[in-house]
Amino acid sequence: MTNVPMLTDALLKLENRVATLTFNRHDLRNALTGSNLIEDIVTTAEWVNACEDVSVLVITGAGSAFSAGGNIRDMANRSGDFAGDPAECADRYRKGIQRIPLALQDVEVPIIAAVNGPAIGAGFDLANMADIRIASENARFGETFLNLGIIPGDGGAWFMQRLIGYQRAFELTLTGRVIDANEARELGIVLEVVPAEELMTAAYAMANRIASQPPKATRLTKRLMKMAPRMDLKDFLDVCANFQGLCHNEPEHLEAVNRMLEAMAKK
C-alpha cells in the first residue's frame, strides 16, 4: 500500500491513481500565507513525483473558497511572510510562496484544479499553475494584487499571459477586477463550469480518464507539453524521438496495443 504523507493544513488521499490535495484552512479561506499550505503543497509535489502509483493530481479547497491567496491581516500588520525591510521581505518570498510555482511547475503528472469558490490573488495564480481548471459556478477569479498596492510576487504574470495571452492577462492584472466562472470560461481560464454539487464529479471524471492511460507515457507526454513552448522544432523533435524510443520499449505500450487489437477484433 502506498504511503501518503501526512500534511498539516491540507488533506491528501490517493484512489485509483488519482491523488487529491484539499486545502483545509477554511477558517482562513485557505490563504496560502499565514498557514502551512505552502509546505503542504511542496511536500505533495515531491511525493507525487516520487510515487509511481499517481497519474493525476487534483487540487481543491474545503469550505467556500478555493484560496484567498495572501493573508491580508498579516499584510496590514507587516508580520509573517510580509515582515522586514525590502531585502528581508524579498527573501521571505523566495523561501516562502515562490516555492509553490517552482514545485508545481516540476510536477510530472497532470494537475487538475477543481475550483470550488473564490480563487483570489495568489489563489488565482495557483489555479493557473494547473494544467486544467474546472470551476464550480460559485468560483470567482481575481488578480487583485494592484488593489493592495503590490505586484504578483508569486509569478502570476508569467503564468496568466501564457494561458490567455498578453492583452487579456494585462487587463485582468492592471484592473484587478474579479470575474465570475462563466467569464473565466469565455477567456479560456477554465475548461468547464459546472454546478457546485457536481464539481468533484466532473473533476474526477477528467482525472480518471487521464489516469486510465499508460502511466509512464502520460508523464513523458506532460513533459513534452511543458517543453514545447520553449524549444525550437528540430530540438523538440529530437526529444520526441528519444521519448518515443523509451515508450516503445515499455511493457505498458505492448499491453495497450494488445488491448486495442482485442477491441478491434470484437467489432
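**View 1. Helix α11 and its cover.** Among the elements that cover the buried residues of α11 are α10 (215-227) and α12 (251-265). Please keep in mind that this is a predicted model. Helix α11 runs over residues 233-248, and its 16 residues should span 22 Å at 1.5 Å a residue; the end C-alpha atoms are 22 Å apart, which agrees.

View 2. Look here for Phe236, Val239, Phe243 and Cys247, the buried residues of α11. Seen down the helix axis, the buried residues fall within an arc of 85 degrees, so they line one face of α11.

**View 3. Where α10 meets α11.** The axes of these two helices, α10 and α11, come within 11 Å and cross at roughly 175 degrees. Since angles over 145 degrees count as roughly antiparallel, α10 and α11 are therefore roughly antiparallel to each other. From α10, Ala217, Leu220, Arg223, Leu224 and Met227 take part, and they meet Phe236, Val239, Cys240, Phe243 and Cys247 of α11. By class, this contact of α10 with α11 has 9 nonpolar residues, 1 charged residue and no polar ones.

View 4. Now to a strand: threonine 22 lies in β2, residues 18-23. With a relative accessible area of 16%, threonine 22 is buried, because buried means under 20%. Apart from neighbours within four places in sequence, threonine 22 is in contact with Ala10, Leu11, Thr60, Gly61 and Ala62.

Key: Residues are numbered from 1 along each chain as its sequence is written. This is a predicted model: local features need pLDDT of at least 70, side-chain atom pairs count only at pLDDT 80 or more; totals for chains, interfaces and linings use all residues. Side-chain values use heavy atoms; hydrogens and water are left out. Helices (H or I, at least four residues) and strands (E, at least two) are DSSP runs, numbered from the N terminus. The expected span of a helix is 1.5 Å times one less than its number of residues. Buried means under 20% relative accessible area, exposed over 50%, partly exposed in between (1.4 Å probe, protein chains only). The arc is that of the directions from the helix axis to the C-beta atoms. Contact means heavy atoms within 4.5 Å. Axes are lines fitted to C-alpha atoms, for helices over the stretch in contact, and angles run from 0 to 180 degrees between N-to-C directions. Angles under 35 degrees count as roughly parallel, over 145 as roughly antiparallel, 65 to 115 as roughly perpendicular and the rest as oblique. Ala, Val, Leu, Ile, Met, Phe, Trp, Tyr, Cys and Pro count as nonpolar, Asp, Glu, Lys and Arg as charged, and the others, Gly among them, as polar.
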